[in-house]
Amino acid sequence: MAEDLHIIQGSKEEQYQALIPQIKGLLTGENNLVANLANMAAALKEQFGWFWVGFYLVDQNELVLGPFQGPVACTRIQKGRGVCGTSWTQEKTLIVPDVEKFPGHIACSSLSKSEIVVPLINEGQIWGVLDVDSSEYNQFNETDQLYLEQIVALLND
Ligand code: SME
């Protein structure tokens with residue numbers, strides 16, 4: 001397997017469309033969860049240059065920090081707290097254009113301005129979330145939701 005990511009310029013759609021087959025390639029033949037989460041976070045960070053990309057994994061009644069790329073982050077998030085804990089309880093993707101306007105937002109870094117959180121669901125069970133933060137406002141939309149939901153679904157293959 002090639003270890004180098006091919007980074008492309010272009011629209012958001014074009015970037016995701018070029019990235020998805022590469023992420024599939026990174027996951028193929030590897031069933032270690034930590035390895036796959038780590039490479040997925042790295043590939044997303046490398047292509048898009050976001051401030052923080054990583055996973056929080058369900059552990060009983062809270063989320064615990066998993067593999068990520070970016071500055072150090074909060075290790076535990078209670079169910080229903082912050083954007084991540086709310087995505088977990090609502091079982092849906094949340095797009096937050098301005099984190100300061102999201103009630104209960106957990107500021108791991110004051111540099112984070114907008115955020116998208118995508119739940120990881122397998123056979124109807126949420127087992128974690130993907131959290132992506134940008135240092136600029138309004139960086140995420142339905143296109144990110146569409147493709148990031150497809151990307152995290154690859155973890156269930
Ligand atoms: N902002 C998140 C916490 C995680 S950090 O951004 C990495 C939240 O409100 O859940």
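When I say that two residues touch, I mean that they have heavy atoms within 4.5 Å of each other. Keep that in mind for the first residue on my list. One caution before that: what you see above is a predicted model.

Let's start with L57. This residue is found in strand 1. Leaving out residues up to four places away in sequence, L57 touches L37, E62, L63, V64, L120, W127 and G128. How far apart are the C-alpha atoms of L57 and Q139? The separation is 24 Å, and along the chain the two residues are 82 residues apart.

Strand 1 also brings us to the ligand. Three elements each supply at least two residues of the shell around it: strand 1, residues 52-59, helix 3, residues 82-90, and strand 6, residues 125-134. Which of the elements gives the largest share of that shell? Helix 3 does, with 3 residues.

There are 13 residues around the ligand, and those that come nearest are V83, C84, I106, E115 and D133. Sorted by class, the shell has 8 nonpolar residues, 2 polar ones and 3 charged ones.

Now some individual distances. V83 has a backbone N or O atom 2.9 Å from an oxygen atom of the ligand. For H105, a polar side-chain atom lies 3.3 Å from a ligand nitrogen atom. In the side chain of D131, an N or O atom is 3.4 Å from an oxygen atom of the ligand. And how much of the ligand does the protein bury? On its own the ligand exposes 310 Å², and 99% of that is buried by the protein.

Last topic, a pair of helices. Helix 1 covers residues 12-27, helix 4 covers residues 142-153, and they pack with their axes 11 Å apart, at an angle of about 5°. Because of that angle, helix 1 counts as roughly parallel to helix 4; the cut-off for that word is under 35 degrees.

Which residues make the contact? From helix 1 they are K12, E13, Y16, Q17, I20 and I23. From helix 4 they are T143, D144, Y147, L148, Q150 and I151. By class, the contact between helix 1 and helix 4 has 6 nonpolar, 3 polar and 3 charged residues.

That is all I have.

How values were computed
Residues are numbered from 1 along each chain as its sequence is written. This is a predicted model: local features need pLDDT of at least 70, side-chain atom pairs count only at pLDDT 80 or more; totals for chains, interfaces and linings use all residues. Side-chain values use heavy atoms; hydrogens and water are left out. A residue is near a molecule or strand if one of its heavy atoms lies within 4 Å of it. A polar contact is a pair of N or O atoms within 3.5 Å; within protein, one must be able to donate a hydrogen and the other to accept it, and residues adjacent in sequence count only if both atoms are side-chain atoms. Accessible areas come from the Shrake-Rupley method with a 1.4 Å probe; for residues, only the protein chains shown count as cover. Helices (H or I, at least four residues) and strands (E, at least two) are DSSP runs, numbered from the N terminus. Ala, Val, Leu, Ile, Met, Phe, Trp, Tyr, Cys and Pro count as nonpolar, Asp, Glu, Lys and Arg as charged, and the others, Gly among them, as polar. Axes are lines fitted to C-alpha atoms, for helices over the stretch in contact, and angles run from 0 to 180 degrees between N-to-C directions. Angles under 35 degrees count as roughly parallel, over 145 as roughly antiparallel, 65 to 115 as roughly perpendicular and the rest as oblique.
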